[in-house]
Amino acid sequence: MPQPALPQIALTILVADFLRYALTAGAVWLLIQVLLRRRLAGRRILDAQVAPGQIRREFTYSVSTVFIFAANGLLLWLLIQNGSAKVYGDVGRFGWTWWWASLVLIIVAHDAWFYWTHRALHHP
């Protein structure tokens, strides 16, 4: 089976990440803004109206993260292709203990990454 071209892989990753974002963010927006709007009205932190263009800016920033995650996915794909990163499809190769330990490790690493990048964003 021939290897797909790099632009095709990049576009596939970008589209998959965008669809994942659009479906989940769209579902949350639908739930909060349409279905639960009245029920949650008394729990608002600020009574101010949304500034003109704010929703567009928030959407633009959110979509820009799709490109960041797609670049991360493409980098991971490239690392796997050149042998720098390994993906094991057979749990039996290292056992369930390693599978669970690696899951915990990736969750901790992911959480630490978001904590420190978010903190860096607030640093002057």
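Trp-116 counts as exposed, at 53% relative accessibility. For that label, exposed means over 50% relative accessible area, buried means under 20%, and partly exposed is in between, with a 1.4 Å probe and protein chains only. Keep in mind, everyone, that this is a predicted model, where local features need pLDDT of at least 70, side-chain atom pairs count only at pLDDT 80 or more, and totals for chains, interfaces and linings use all residues. Residues are numbered from 1 along each chain as its sequence is written, and side-chain values use heavy atoms, with hydrogens and water left out.

Let's go on to the aromatic rings. How many aromatic pairs does a search of the whole structure find? The search finds five. Rings of Phe, Tyr and Trp (for Trp, its six-membered ring) pair if their centres lie within 6.5 Å; planes under 30 degrees apart count as stacked, over 60 as edge-to-face and the rest as tilted.

One of the pairs is Phe-69 with Phe-114, which is stacked, at 6.1 Å centre to centre and 20 degrees between the planes. Phe-69 lies in helix H3 and Phe-114 in helix H4 (residues 95-121), so this pair ties together parts that are 45 residues apart in sequence. Helices here are DSSP runs of H or I with at least four residues, strands are runs of E with at least two, and both are numbered from the N terminus. Phe-69 is partly exposed at 38% relative accessibility, and Phe-114 is partly exposed at 35%.

Back to Trp-116, then: its ring pairs with Tyr-115 edge-to-face, 4.9 Å centre to centre and with 85 degrees between the planes. Tyr-115 is partly exposed, with a relative accessible area of 42%. Ring pairs also link Trp-96, Trp-99 and Trp-100 into a cluster.

Now, please, look at the helix packing. Helix H1 (residues 6-35) packs against helix H3 (residues 54-81) at an angle of about 135 degrees, and their axes are 9 Å apart. Axes are lines fitted to C-alpha atoms, for helices over the stretch in contact, and angles run from 0 to 180 degrees between N-to-C directions. That angle makes H1 oblique to H3; angles under 35 degrees count as roughly parallel, over 145 as roughly antiparallel, 65 to 115 as roughly perpendicular and the rest as oblique.

Which residues meet here? From H1 they include Leu-6, Ile-13, Asp-17 and Tyr-21, and from H3 they include Phe-59, Val-66, Phe-69 and Trp-77, where contact means heavy atoms within 4.5 Å. By class, the contact of H1 with H3 has 16 nonpolar, two polar and one charged residues. Ala, Val, Leu, Ile, Met, Phe, Trp, Tyr, Cys and Pro count as nonpolar, Asp, Glu, Lys and Arg as charged, and the others, Gly among them, as polar.

Ala-10 sits in helix H1 and is partly exposed, with a relative accessible area of 26%. Its C-alpha atom is separated by 9.3 Å from that of Trp-77, 67 residues apart along the chain.

Last stop, friends: the loop between helix H2 (37-40) and H3, where you will find Arg-43. At 66% relative accessibility, Arg-43 counts as exposed.
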